[in-house]
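Hi,

Here is the structure I promised to pass on.

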Amino acid sequence: MKHPENNDEYKGLTVNSGVEQPSIVNPYLQRGRFARRKLTVSDYVEGITRGNVTILGQAVTLVESTNPQHQAIAQEVIEKCLPFSGNSVRVGISGVPGAGKSTSIDEFGIHVLSEYGGKLAVLAIDPSSEKTKGSILGDKTRMEKLSIHPDSFIRPSPSAGSLGGVARKTRETIILCEAAGFDKIFVETVGVGQSETACHSMVDFFLVIQLAGTGDELQGIKRGIMEMADGIVINKCDGDNVDACHLAATQFQNALHLFPMPESGWLPRVLCYSGFFGLGIKEIWDMIFEYVAFVKENGYFDHRRAEQAKFWMYESINEQLRNGFYNNDTISSLLPKAEESVLNGTRTSFVAAKQLLDTYFALLK
Ligand code: GDP
């Protein structure tokens, strides 16, 4: 369908035409039965499991909310959606800014949807978005083709809280998306720091996008990327850059041999491609499917998911303990003094921490 602005039939019907226009918003969409009243937990669950993306979006908003009432509903919805989740391939996609993540995700997404059908959700983990007041990762405007695809759901990174909090919300959103029938999940993350580790802890396949000639080969080894990657892909393998990309691929492949065989039994591969020109995309996706078949066969797929679930249980405990502690009014009022005493050397950090913790746990009794 042509965009209205490019469609001759719509010419002259622009807002500047001076003619008052009737509303073109479908009244059923605008005031559906769910829009009139507050949704209950079963409304959410029913809507999500029927694949209603409007309700899915609203549920994700609850998951991201810091309001305790919203959180309580969100947790119930997640729990009820859990039995319908799990049936997907979750792929983490990481790369430094400018590596070509959004260009590539647009191409990967369109490729998998047209080759395999199904539904694709693109989520993100970007703890920096709290500082920048607006997430770059998972931004719809950066994925032009996918953002208008009827079978895609794109959600930028939740912006509130610590990395742990942001990552938890993304993980919970995966559950809701799967319950809504999304069988392919991409989790985009920026290739710096801890967010990669968080992303790795919630996906089946971790794909690292690298560029040639940036010294990233060594950086990758330093940052522990080689241990995490199930596949390394060198982007921008086009024009004058082709030879450099192939050289980088050889260096990565050689570096991978320095590491012990991963627990999965899968030796990570290195491929070159061009996201911009859509070259080598099929090979990347074939590799991911081959990996999934391989680890489903040897049992590692389920093992990895079980280990991840265990990891997230501990992460949840840690986060709730931390939040409970820092959100406690008494503790908040004692913290500045404790900090001051540590800074001026009247108390050691250990003693100050212990006193605060003792106070907190005494309050709970
Ligand atoms: P992100 O920050 O990792 O999401 O990177 P973007 O997808 O925004 O890409 C950064 C820049 O690299 C943009 O100017 C893209 O047009 C360009 N780019 C992305 N993929 C390719 C590619 O395959 N080849 C070339 N030559 N440029 C690319």
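This is a predicted model: local features need pLDDT of at least 70, side-chain atom pairs count only at pLDDT 80 or more; totals for chains, interfaces and linings use all residues.

Below is what came out of the analysis, starting with the ground rules.

Residues are numbered from 1 along each chain as its sequence is written, and side-chain values use heavy atoms, with hydrogens and water left out.

The protein overall: there are 17 helices and 7 strands, taken as DSSP runs (H or I, at least four residues, for helices; E, at least two, for strands). Of its 365 residues, 44% are buried, meaning under 20% relative accessible area with a 1.4 Å probe, protein chains only. Take the contacts (heavy atoms within 4.5 Å) between residues at least 6 apart in sequence: 73% of them join residues at least 24 apart.

Now the ligand. It has 15 residues around it, and Gly98, Lys101, Thr103, Arg142 and Asp238 come nearest; "around" here means a heavy atom within 4 Å. By class, that shell holds 7 polar, 4 nonpolar and 4 charged residues, with Gly counted as polar.

- Gly98, through a backbone N or O atom, at 2.8 Å
- Ser102, through a polar side-chain atom, at 2.9 Å
- Gly275, through a backbone N or O atom, at 2.9 Å

On its own the ligand exposes 580 Å², and the protein buries 69% of that (Shrake-Rupley, 1.4 Å probe).

Cheers

Note on methods. A polar contact is a pair of N or O atoms within 3.5 Å; within protein, one must be able to donate a hydrogen and the other to accept it, and residues adjacent in sequence count only if both atoms are side-chain atoms. Buried means under 20% relative accessible area, exposed over 50%, partly exposed in between (1.4 Å probe, protein chains only).
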